[in-house]
Amino acid sequence: MKEPESRAAAYLSEAVTAIDAQFGEGFARDHPDLVASLVQTQAIDAAVATGRGAHEEALTLAEKISRETCETILKLKPRLFG
């Protein structure tokens with residue numbers, strides 16, 4: 001994963017490139033508010049994607065633990081309950 005400063009620089013560069021490609025060379029320079037909005041959007045999207053990945057990983061581990069716990073209980077059932 002990139003350091004925060006290099007991620008921010010990448011977002012800025014990508015935003016300027018995208019805006020100039022859409023509206024013409026120099027448009028991003030003349031509209032810093034638009035650049036800032038796009039950089040903020042990119043940062044939010046990246047944070048959401050990171051959170052989604054962490055959530056999916058946690059859910060996968062919880063399902064594994066649940067499955068293993070149920071399997072263990074079923075194996076122990078005869079010993080515990082006769």
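User: How do I read relative accessible area, and what is the value for Glu63?

Analyst: This is a predicted model. Glu63 has a relative accessible area of 46%. Buried means under 20% and exposed means over 50%. Glu63 is therefore partly exposed. Glu63 sits in helix H3.

User: Where is Glu63 relative to Gly24, in sequence and in space?

Analyst: Take the two separations one at a time. Along the sequence, Glu63 and Gly24 are 39 residues apart. In space, their C-alpha atoms are 50 Å apart.

User: How do I check the length of a helix such as H3?

Analyst: Compare the expected span with the distance between the ends. H3 covers residues 32-81. Its 50 residues should span 74 Å at 1.5 Å a residue. The end C-alpha atoms are 71 Å apart, so the two values agree. Now try H1. H1 has 20 residues and reaches 28 Å from first C-alpha to last, close to the expected 28 Å.

User: Where does H3 have a kink?

Analyst: Look at Lys75. A kink of about 40° lies there, shortly before the proline Pro78.

User: Which residues of H3 are buried?

Analyst: First, the general idea. An α-helix has 3.6 residues a turn, so residues three or four places apart point the same way. Now the case here. Val35, Val39 and Gln42 are the buried residues of H3. Their cover includes helix H1 (4-23) and helix H2 (27-30).

User: Why does Gln42 count as buried?

Analyst: Use the cut-off again: buried means under 20%. Gln42 is buried because its relative accessible area is 18%. Leave aside residues up to four places away in sequence, and Gln42 touches Tyr11, Glu14 and Ala15.

User: What are the buried residues of H1, and what do they pack against?

Analyst: They are Ala10, Tyr11, Ala15, Ile19 and Asp20. They pack against H2 and H3. Tyr11 and Ala15 are buried in H1, and both touch Gln42.

User: Which residues form a nonpolar patch on the surface?

Analyst: Leu76, Leu80 and Phe81 do. Together they have about 350 Å² of accessible area. Take Leu76, which is in H3. Its relative accessibility is 33%, so Leu76 counts as partly exposed.

How values were computed: Residues numbered from 1 in each chain as written. Predicted model: local features only at pLDDT ≥ 70, side-chain atom pairs only at ≥ 80, totals over all residues. Heavy atoms only, no water. Patch = residues over 30% accessible without salt bridge, like charges linked within 9 Å, V, L, I, M, F, W, Y side chains within 5 Å. Areas by Shrake-Rupley, 256 points an atom, 1.4 Å probe, with all protein chains shown as cover. Salt bridge = Lys/Arg side-chain N within 4 Å of Asp/Glu carboxyl O. Helix = DSSP H or I, 4+ residues; strand = E, 2+ residues; numbered from the N terminus. Buried < 20%, exposed > 50% of the residue type's maximum accessible area, 1.4 Å probe, protein only. Contact = heavy atoms within 4.5 Å. Expected span 1.5 Å × (residues − 1). Bend = angle between axes of the 7 residues up to and from the residue.
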